[in-house]
Amino acid sequence: MTGKHKDTSLTRRRALAVTGGTVAAGGLAVAGYQSAFADDATTTAEAGATASATSTGGACMTLMSSVTEGPYYLDGALVRKDISEGKSGVPLTLRLTVVDATDGCTPVPGAAVEIWHCDAWGYYSGYTTANPGGSAPAESEDGSTANDNTYLRGYQIANANGVVKFETIFPGWYTPRTCHIHLKVHTGGQKEDGTYEGGKVNYTGQLFFADAIAEEIFTLEPYAQHSGSYTVLADDMVYDGGGASSGLLTLKAVHRKDPSKGYKGSLTLGVDPDAENTGAGGGGGGTPPSGAPSDAPTGTPPSDSASPSASASS
C-alpha cells in the first residue's frame, strides 16, 4: 500500500507528554511499558516504586502534540473494558499509563481515559453511513450485533498505577487518514449512570500504528474488503513524525508468526492535571468522508503559527 494523501500539519506541542523508546526519557519508556502490562491488582506501594523509577532522569517526558477531537466524537461513552461489541477484526489489547508530568511522573489514579475509533472497514459508531473512501461494504454488512451508536467507544478509569486497559480490535482506516485511535484524558469527574460525568479534559490526542504492522493487518479479513489508497504515517495530516512522543504505540504481537491472533499496544501518557484541552472547536481539518456530521472540520490544516488552542484533526 502507498499513501497518496498528503497534508502537512505542524501541530502545536501542548501540555501533555508521552514516553516511549528513547534514552532521553530517563528510563520512563521501560518503566512505563512494564507498569502498563503489570497486573491490574498492583498495590499502591508498587505503584509508588514504579513512579520513583520513572522520575530518576530529571525531565521525564517529551511534550506531545495536541489535536482537535475530530468530526466523530460522541458524548456519553460507556465505562467498560471491552468496547468491541462483537465487531470483527484483529484483537487489540490496549494498556495506557497516565502519570503527572508536573510531579515527577507519579501515577494519576482515578484519571478517566476515553477512546474511540473506526471499525475494520473505516466506519464510526454514530456515523455508520459516512463513506470511508475507497471501496468498502456497507457497515450493516458486517454481521455483528454491535450497537450502531456505541461500538468501539468507551472509558476506563485508572487504577493505583495510573493504568487503564481496553479490549478492542485493530482499527481500519478511512480517506484521507492513516490508522489511528482518538483519545481524551479526563480528571476530576466520576462514574455515573454507566458513563463518566464532570471534571475536565486534560488532553485530546490520537494514537498511531507502525505502517508495516498496519499494512500487514489490512491484508487480513475483514480488513481486506476495504480497498483503496491507504495513507501511511509520513503522509498523514495529523501524525508529525515524533514517534512515541507523537502517539506512536509500542506494539507486541500475541503470536509472532500469526498477526491474526492480535496485538498488545502500550504507551505512557504524562498529563498536567491542572491543564485543560477539550480539542473541540479549534483549527481546521482534512475534508471528512461524505456522510460525516455537518459540523465536521473542513479546510486546510493550520500551520504552526496558527491559534494556540489546537491543531487540525479529523
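Two residues are in contact when their heavy atoms lie within 4.5 Å. This report applies that term to a predicted model.

**Val201 and its surroundings**

Val201 is situated in strand E9, which spans residues 195-208. Because its relative accessible area is 11%, under the 20% limit, Val201 counts as buried. Beyond its neighbours within four places in sequence, Val201 is in contact with Lys184, Val185 and His186, and also with Ala275, Glu276, Asn277 and Thr278. Between Val201 and Ala112 the C-alpha to C-alpha distance is 9.2 Å, although 89 residues separate them in sequence.

**The sheet**

Strand E9 belongs to an open sheet of four strands, ordered E6-E5-E8-E9 with antiparallel pairing. E6 and E9 are the edge strands, and each of them pairs on one side only. From one strand to the next, the twist averages 25°. Five bridges join E5 and E6 in the antiparallel sense; Val113 has Gln156 in E6 as its bridge partner.

**The nonpolar cores**

The largest nonpolar core has 42 residues, of which Leu96, Phe170, Leu183 and Phe218 touch the most other members.

Leaving aside neighbours within four places in sequence, the contacts of Phe170 include Val90, Leu92, Cys179, Phe209 and Phe218. Another core, of 13 residues, lies apart from the largest one and includes Tyr72, Tyr73, Val79 and Tyr174.

How values were computed
Residues are numbered from 1 along each chain as its sequence is written. This is a predicted model: local features need pLDDT of at least 70, side-chain atom pairs count only at pLDDT 80 or more; totals for chains, interfaces and linings use all residues. Side-chain values use heavy atoms; hydrogens and water are left out. Helices (H or I, at least four residues) and strands (E, at least two) are DSSP runs, numbered from the N terminus. Buried means under 20% relative accessible area, exposed over 50%, partly exposed in between (1.4 Å probe, protein chains only). A nonpolar core is a set of buried Ala, Val, Leu, Ile, Met, Phe, Trp, Tyr and Cys residues joined through side-chain atoms within 4.5 Å. Two strands pair if DSSP finds at least two bridges between them. Axes are lines fitted to C-alpha atoms, for helices over the stretch in contact, and angles run from 0 to 180 degrees between N-to-C directions.
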